[in-house]
Amino acid sequence: MSELETDVELEAAVFRRLLQHLDSRKDVQNIELMNLAGFCRNCLSKWYVAAAAESGRDIDLSQAREMVYGMPYVEWKAKYQTEATAEQKAAFDAGGHG
């Protein structure tokens with residue numbers, strides 16, 4: 001196996017672990033991730049779509065979100081998403097994300 005193949009396998013394993021970790025922390029809201037880290041589950045979904053397009057694959061945002069969230073996005077939102085607080089919204093806006 002080439003070094004490039006090994007690197008890709010390692011990167012894929014890290015990505016799967018990141019998704020597992022996010023899945024285990026459904027209590028952490030996307031706005032919290034955005035405010036602290038500058039990215040969230042939705043960003044990962046959009047990056048997945050972009051990477052797929054760059055490699056010539058047709059994956060839409062709903063498919064990517066289901067892969068990242070482990071379920072349809074609307075289901076995840078209904079089960080786990082809470083209303084953002086005024087403080088979270090202000091931090092989001094101050095961070096230039098809005």
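Buried means under 20% relative accessible area, exposed over 50%, and partly exposed in between, with a 1.4 Å probe and protein chains only. The model shown is predicted: local features need pLDDT of at least 70, side-chain atom pairs count only at pLDDT 80 or more, and totals for chains, interfaces and linings use all residues. Residues are numbered from 1 along each chain as its sequence is written, and side-chain values use heavy atoms, leaving out hydrogens and water.

**View A. An aromatic cluster of Tyr-69, Tyr-73, Trp-76 and Tyr-80 is linked by ring pairs.** Rings of Phe, Tyr and Trp (its six-membered ring) pair if their centres lie within 6.5 Å; planes under 30 degrees apart are stacked, over 60 edge-to-face, the rest tilted. The whole structure holds five aromatic pairs. Tyr-69 and Tyr-73 make a tilted pair, 5.0 Å centre to centre with 55 degrees between the planes. Trp-76 and Tyr-80 are also tilted, at 5.8 Å and 50 degrees. These two lie about one helical turn apart because they are four residues apart in helix H5. Tyr-80 is partly exposed at 29% relative accessibility, whereas Trp-76 is buried at 2%. Tyr-69 is buried at 2%, and Tyr-73 is buried at 17%.

**View B. The largest nonpolar core has 13 residues.** Such a core is a set of buried Ala, Val, Leu, Ile, Met, Phe, Trp, Tyr and Cys residues joined through side-chain atoms within 4.5 Å. Leu-33, Cys-40, Leu-44, Val-68 and Tyr-69 have the most contacts inside the core. Helices H1 (3-24), H2, H3 (41-54), H4 (61-69) and H5 (73-80) each give two or more residues to this core.

**View C. Ser-45 of helix H3 is buried at 0% relative accessibility.** Leaving aside neighbours within four places in sequence, Ser-45 is in contact (heavy atoms within 4.5 Å) with Leu-61, Ala-64, Arg-65, Val-68 and Tyr-69.

**View D. The largest cavity has a volume of about 40 Å³.** A cavity is a set of points, on a 1 Å grid over the protein atoms alone, where a 1.4 Å probe fits but cannot get out; lining residues have an atom within 4 Å of a point. Leu-22, Asp-23, Lys-26, Arg-41, Val-68, Tyr-69 and Trp-76 line the cavity. H1 and H4 each supply at least two lining residues.

Definitions and conventions:
1 Å grid on protein atoms, 1.4 Å probe; cavity = no way out; pocket = protein on both sides within 12 Å on 5 of 7 lines; lining within 4 Å. Points joined across faces, edges and corners; volume = space filled by probe spheres on them.
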